[in-house]
Amino acid sequence: MRQILPRSFFFMALFAAVIFGILLVLLGMPNVQRWSILWENFVAGLPFGVWLLVIMIVLSSGISWWTESLSRSKVQDIDRIFQALLRNEDQTVIEVAHMKTLPNNLSASILKLQKLLEFQRKSLARISNERAETQDKIIQERLVMERQRLARELHDSVSQQLFAASMLLSSMTEGKDAAPGLLQTEKMVQQAQLEMRALLLHLRPAALHNKSLRQGLFELVSELKEKVYFTIEHKLEEVPLQKGAEDHLFRIAQETLSNTLRHSKATEVHILFVERDDFAILRIQDNGVGFESEQSKSTSYGLKHIEERAIEIGATSKIVSVPSEGTIVEVKVPIERKVIDDPNIISG
């Protein structure tokens with residue numbers, strides 16, 4: 001509103017100049033006799049000149065107020081448009097309707113600014129996502145390296161010492177007159193060895209690193225056969241699966257075998273990985289001590305983890321255990337086959 005008074009003076013001066021020019025044309029050069037009409041002629045009790053002055057003041061004030069209101073309205077429209085652009089809300093499209101009252105060049109500039117902001121927001125979001133993915137990848141790589149380092153150190157130190165202790169105790173308990181305490185100690189050391197092998201198995205990398213699941217399982221089974229006391233039978237086939245599904249199944253196999261080593265006290269383990277009826281089936285069965293189903297739900301984190309991994313790849317999992325008879329873990333993954341168009345088929 002501070003602009004109304006200066007504008008009023010401007011328009012008063014403009015109207016005064018216009019009226020003076022008209023009187024100059026009608027009455028000639030200013031003199032008392034010709035221009036006396038301004039103060040000698042009365043209209044409604046006021047001299048004609050006063051009426052001209054009142055009209056100039058009213059018109060100047062009215063035009064000043066109208067132009068100020070119009071300017072403020074346009075400024076408010078522009079402010080609403082910029083606020084909507086800054087908020088990045090759907091109101092932007094509605095607020096753009098106000099641009100109809102703005103000059104064409106200003107409307108075009110605002111539209112360009114809107115497109116630029118949208119492009120920059122998308123670019124920033126893409127950069128943020130890429131940075132987050134890169135950081136996650138770096139963290140995962142560091143975790144894998146740390147797991148491998150721990151596995152090597154445990155294998156080279158604790159595992160070797162446990163093996164040496166087990167061999168020493170075995171030689172001491174070969175005779176019939178071996179002390180019961182030594183036999184118990186031998187069993188404890190052997191159990192510690194199984195726990196250590198299960199831990200080393202758990203620390204192995206979960207990714208297959210350009211190997212098929214069959215190759216990864218075969219290497220895993222071959223390594224276990226050299227280190228465990230029980231028999232491992234396996235049947236492994238090449239099954240076409242996505243990389244993510246193979247990695248999850250390999251990790252499920254690791255989790256299951258780790259649980260078997262630590263808890264089952266099995267003498268036989270059968271591993272099956274085959275394709276049947278468009279399903280990839282991974283089944284691991286042992287003849288160990290088994291467990292109650294209610295007990296597994298409340299205490300076994302590993303089994304819950306297996307079920308979660310199966311859900312992530314759209315698979316179904318089944319865990320069946322009978323006390324004193326053994327446990328079966330089975331995961332079925334649907335095989336997604338790519339449809340190849342037959343080039344001999346010509347559409348009519």
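Which residues line the largest cavity? The views below come from a predicted model, in which local features need pLDDT of at least 70, side-chain atom pairs count only at pLDDT 80 or more, and totals for chains, interfaces and linings use all residues. Residues are numbered from 1 along each chain as its sequence is written, and side-chain values use heavy atoms, with hydrogens and water left out.

**View 1. Lining of the largest cavity.** L224, V228, F230, I232, L257, T260, L261 and V269 line the largest cavity (on a 1 Å grid over the protein atoms alone, points where a 1.4 Å probe fits but cannot get out; lining residues have an atom within 4 Å of a point). This cavity holds about 30 Å³ of space. Helix α9 gives the most to the lining, with three residues (helices are DSSP runs of H or I, at least four residues, numbered from the N terminus).

**View 2. Helices α8 and α9.** The axes of α8 (residues 213–225) and α9 (residues 243–264) come within 10 Å and cross at roughly 20 degrees (axes are lines fitted to C-alpha atoms over the stretch in contact, with angles from 0 to 180 degrees between N-to-C directions). α8 is therefore roughly parallel to α9 (angles under 35 degrees).

**View 3. Contact residues.** L213, G216, L217, L220 and L224 of α8 meet E246, L249, F250, A253, Q254, L257 and L261 of α9 (heavy atoms within 4.5 Å).

How values were computed: Helices (H or I, at least four residues) and strands (E, at least two) are DSSP runs, numbered from the N terminus. Angles under 35 degrees count as roughly parallel, over 145 as roughly antiparallel, 65 to 115 as roughly perpendicular and the rest as oblique. On a 1 Å grid over the protein atoms alone, a cavity is a set of points where a 1.4 Å probe fits but cannot get out, and a pocket is an open set with protein on both sides within 12 Å along at least five of seven lines; lining residues have an atom within 4 Å of a point. Grid points are joined across faces, edges and corners, and a volume is the space filled by probe spheres set on the points.
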